[in-house]
Amino acid sequence: MRTIKLFLLIGAALIACRATAQCKANTGTDDNSDFVTITDVVPDVILEIRYYGTYNFVGSRINGYLEPTALLTKRAADSLLAVSNDVKALGYRLKIYDAYRPQCAVDHFVRWSKDTDATEMKPYFYPNLEKDVLFPQEYICERSGHTRGSTLDLTLFDMASEKELDMGGTFDWFGPESHPDFGGNPETGEYTPNDRISETQFKNRLILRNAMMRHGFNPFSIEWWHFTLKDEPYPDTYFTFPVKQTNPACHHAGNGCKHKQGKNKENCKENICTSEIP
């Protein structure tokens, strides 16, 4: 009798696992109809899309980045416009490193993290860590908030000096120095003296953080540059379409194309995120 019960329990567990796996598999979609190109909504932003180029922790262009542009959900982009207006009044502009990130790009990160020989960018992004800890310590994950479309990585550009504002560390630096609370309490603004982050650098991070939070973005506990819209419209959806300019005259559905207003069907290309860069 106990043996029968044990087999029943194991069978139930297997069914539950399969159901969970199916649910996770069904969370992806390539419908980009609710996404916009950020520069269409916030024309003052500066773009430096790191994953389109080779200066990133992988050292190569990342799968799914077909153009050096940045996309967000419409709701997130509208909130970002309010942030941009705020910081412009202080003499800054927003500079974006990454925004929407397709699932195939995240998959690329995961494959790279398991390749122990691919360490050419270690001196620039993770010199104090061994590569085999990046996945366990969640610097690399199988899912990313970026893939839901309302998360972005950014900094401030100082119009007076014509340089990025000094944040005391580079984008995608894997280490505690990137934590918003490194060097002080970001909630109170109180600085803690240390030999890595100056008080000015800590305060500069707060300018960005406070502007983003005023307009509905939540910060991330281990990256000062990373923010997610609090009321993101797709909290459980991980999109798969590639990064390229959106066409407001077209509506993508599946891998095909449906006209919304369009006259030139040829201009509405298939919405496919290939597993490999061509």
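Select Thr-155 to begin: this residue sits in strand 6, which spans residues 151-158 (strands are DSSP runs of E with at least two residues, numbered from the N terminus). The model you are viewing is predicted, so local features need pLDDT of at least 70 and side-chain atom pairs count only at pLDDT 80 or more, while totals for chains, interfaces and linings use all residues. Residues are numbered from 1 along each chain as its sequence is written, and side-chain values use heavy atoms, with hydrogens and water left out.

Is Thr-155 buried or exposed? Thr-155 is buried because its relative accessible area is 1% (buried means under 20%, exposed over 50%, partly exposed in between, with a 1.4 Å probe and protein chains only). Now show its contacts (heavy atoms within 4.5 Å). Leaving aside neighbours within four places in sequence, the partners of Thr-155 include Arg-93, Tyr-97, Met-167 and Trp-224.

Next, select Arg-61, in the loop between strand 3 (46-47) and strand 4 (71-73). Arg-61 counts as partly exposed because its relative accessibility is 32%. Then look at Tyr-52, whose backbone oxygen is reached by the side chain of Arg-61 at 2.9 Å.

Finally, colour the model by pLDDT, the predictor's confidence in each residue, from 0 to 100. The protein averages 85, and 79% of the residues score at least 70. Select residues 1-26, where pLDDT stays under 50 and the model has 1 contact beyond four places in sequence. In residues 251-272 pLDDT also stays under 50, and here the model has 39 such contacts.

Notes. Helices (H or I, at least four residues) and strands (E, at least two) are DSSP runs, numbered from the N terminus. A polar contact is a pair of N or O atoms within 3.5 Å; within protein, one must be able to donate a hydrogen and the other to accept it, and residues adjacent in sequence count only if both atoms are side-chain atoms.
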